[in-house]
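User: I'd like to learn how to read aromatic rings in a protein model. Could you walk me through it?

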Amino acid sequence: MKIAVVILNWNGKKLLEQFLPSVVHHSVGADIYVADNASTDDSIVFVEKNFPSVKIIQNKVNGGFSKGYNDALRHIKDDVFCLLNSDVEVTENWLSPIENAFKSNANVAIIQPKILDFKRKDHFEYAGAGGGFIDKFGYPYCRGRIFNTVERDSGQYNDTIPIFWASGACLFIRRSVYKELKGLDEFFFAHMEEIDLCWRSRNKGYDILYVGSSTVYHVGGATLSNLSPKKTYLNFRNSLYTLVKNAKGNVFMLVLIRLLLDGIAGMKFFLGFKFAHIVAIIKAHIRFYGHLPLLLKQRKAAPRKIKYYQCTSIVWDYFVNRKRFYKSL
């Protein structure tokens, strides 16, 4: 089994300087690629000069996370792709447990390792943590992180279990499945496209695993801060995209409930004087309704749907029932 570790880069020389050495040092046997999204800095010159073993793919345009990976991965023939953020530090022997898990079960299509916080290495990281799940209304959460409550790592998630989605910060996927699914949905541009990919994979009958014996450390927010209204816009819009495309059941009722819940989120931003985020939510819904006919067409093209949620509403459990940790759900 051959693994290609593919780092998508856009004007990220400083991140490559800091994190590429760990990837090169701890990924013996894997092919390492930097897929450059039409950077205007000297990222590629830096890699060519300092890491001659790293292969470079230069995309013609910056199409964001989704198109960037789609454009790059069509040139790679390895058995497994690892989509790795440029702000991730990997650890010794991080690839072996992943490879063993793929070899042990041919139906496993996607795997995520344990993702800890680079800045607080004894805590889980917001994006992915100990494996991702989703509620009935399309809101994602993780073992180790629900909304802004992040758990300390005490070995509680050192297991290997089925999950619903894997984080795009570090996501392994079989090349054959990536090709079958036609890659990431480029309408997403960035954020939550990996959840859509995983959901489509699950609707196809494939398994997704979390492998806690493999660990990486993620900075998070290095490309787009959690405080950015643009990130709010992408997350709210893309969450609705994902729900309509993939959810089992009466999708119109789900969207109506989401409209109410997103309105409550807007009120929370209002009380915090974060008015730009309210505008971002409104823009997200306007763009979503404009794309609804296309989303419904995509939904019809993939008629098989599975039950996708464990809890009905993570919003209700967290804010009303005060359930802050995964084990209490």
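Predicted model: local features only at pLDDT ≥ 70, side-chain atom pairs only at ≥ 80, totals over all residues.

User: How many aromatic pairs does the structure hold?

Analyst: A pair of aromatic rings is described by the distance of the centres and the angle of the planes. Rings of Phe, Tyr and Trp (its six-membered ring) pair if their centres lie within 6.5 Å; planes under 30 degrees apart are stacked, over 60 edge-to-face, and the rest tilted. The structure holds 18 such pairs. One of them joins F19 and F118, edge-to-face with 5.1 Å between centres and 75° between planes. F19 is in helix 1 (residues 13–26) and F118 in the loop between strand 6 (108–117) and strand 7 (132–134), 99 residues apart. Helices (H or I, at least four residues) and strands (E, at least two) are DSSP runs, numbered from the N terminus.

User: Is F19 buried or exposed?

Analyst: Buried means under 20% relative accessible area, exposed over 50%, and partly exposed in between (1.4 Å probe, protein chains only). F19 is buried because its relative accessibility is 2%, while F118, at 22%, is partly exposed.

User: Which residue has its charged end over the ring of Y217?

Analyst: A charge sits over a ring if NZ of Lys or CZ of Arg is within 6 Å of the ring centre and within 35 degrees of the ring normal. Here K121 does that, 4.7 Å from the centre of the Y217 ring. R145 lies over the face of Y126, at 3.8 Å from the ring centre.

Note on methods: Residues numbered from 1 in each chain as written. Heavy atoms only, no water.
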